[in-house]
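Q: I have a model open and would like to learn how to read its features one at a time. Where do we begin?

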Amino acid sequence: MKFRVLVSLLISALFFVSANAQDMTDDDIAQRIKPSGNVHIAGAAPAVAAGPRTGEQIYNGACVACHAAGVLGAPKSQVAAEWQPRLDEKGFDQVWKNALVGINAMPAMGACGDCSDDDIKTAINYMIEGI
């Protein structure tokens, strides 16, 4: 008898938790999972924005790992034969949007954790320079 009561309570609890989770909006979820603090390493200088980065700086910091060698089909930097078909078929704006959200093996934002949308556009412009 105790087992049935325990199982009934467990099922009821799961039902109420799942019903409550479904009522949450995207904003509620974002608020719930946001970081609760920051990590500071003793003696480390705080990060200071150095101003806008060039396309080359962004490329060297985040894109070079895949786009220098063409890893998993990534178009090689400044190689017209690899970029031109993409640009002709999709146009620059779609290539840029694909870089923002990720495509094929490329993660969103090219795995550049500190890049803005404009930084990604600047990096693409650098990679297609001269094409």
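A: Begin with a definition: a salt bridge is a side-chain nitrogen of Lys or Arg within 4 Å of a carboxyl oxygen of Asp or Glu. Side chains of opposite charge can pair when their charged atoms come close. Here the model is a predicted one, and the side chains of R53 and D119 form such a bridge, at 3.1 Å from N to O.

Q: How many salt bridges does a search of the whole structure find?

A: The search finds two. The other pair to look at is R53 with D114, whose side chains meet at 3.5 Å, N to O. This pair also links distant parts of the chain: R53 sits in the loop between α2 (26-33) and α3 (55-67), and D114 in the loop between α5 (92-101) and α6 (117-127), 61 residues apart. Taken together, R53, D114 and D119 are linked in a network of salt bridges.

Q: Which residues does D119 contact, apart from its neighbours within four places in sequence?

A: They are R53, I58 and D114. Two of these names, R53 and D114, are the ones in the salt-bridge network with D119.

Q: Where is the confidence lowest, and where is it highest?

A: Look at the average for the chain before the elements. The chain averages a pLDDT of 84, and 88% of the residues score at least 70. By element, confidence is lowest in α1, with a mean of 71, and highest in α6, at 95.

Q: Which residues touch the most other members of the largest nonpolar core?

A: A core is read as a set of buried nonpolar residues joined through their side chains. The largest one here has 18 residues, and W83, C115, I120, I124 and M127 touch the most other members. Elements giving two or more residues to this core are α3, α4 (80-90), α5 and α6. The largest share, five residues, comes from α6.

Q: What does W83 touch, not counting residues up to four places away in sequence?

A: The contacts of W83 include H67, P75, V95, M127 and I131. M127 is, like W83, among the core residues that touch the most other members.

Q: Which residues of α5 are buried?

A: They are V95, W96, N98, A99 and L100. To read a buried face, ask next what covers it; for α5, the cover includes α4 and α6. Just after α5, G102 has a positive phi of about 95°.

Q: What about the surface: which residues make a nonpolar patch?

A: Start from the whole surface and then go to the patch. The accessible surface of the chain is about 9800 Å², and 59% of this area belongs to carbon and sulfur atoms. Buried residues make up 20% of the 131 residues in the chain. F3, V7 and I11 make a nonpolar surface patch of about 310 Å². F3 lies in helix α1 (residues 2-22) and is exposed, because its relative accessible area is 63%. Recall that α1 is where confidence is lowest.

Q: How is a loop residue such as V71 read?

A: V71 is in the loop between α3 and α4, and 36% relative accessibility makes it partly exposed. Aside from neighbours within four places in sequence, V71 contacts A65 and C66. The C-alpha atoms of V71 and A105 are separated by 9.1 Å, with the two residues 34 apart along the chain.

Notes: Residues numbered from 1 in each chain as written. Predicted model: local features only at pLDDT ≥ 70, side-chain atom pairs only at ≥ 80, totals over all residues. Heavy atoms only, no water. Patch = residues over 30% accessible without salt bridge, like charges linked within 9 Å, V, L, I, M, F, W, Y side chains within 5 Å. Areas by Shrake-Rupley, 256 points an atom, 1.4 Å probe, with all protein chains shown as cover. Helix = DSSP H or I, 4+ residues; strand = E, 2+ residues; numbered from the N terminus. Buried < 20%, exposed > 50% of the residue type's maximum accessible area, 1.4 Å probe, protein only. pLDDT = per-residue confidence, 0-100. Core = buried A, V, L, I, M, F, W, Y, C linked by side-chain atoms within 4.5 Å. Contact = heavy atoms within 4.5 Å.
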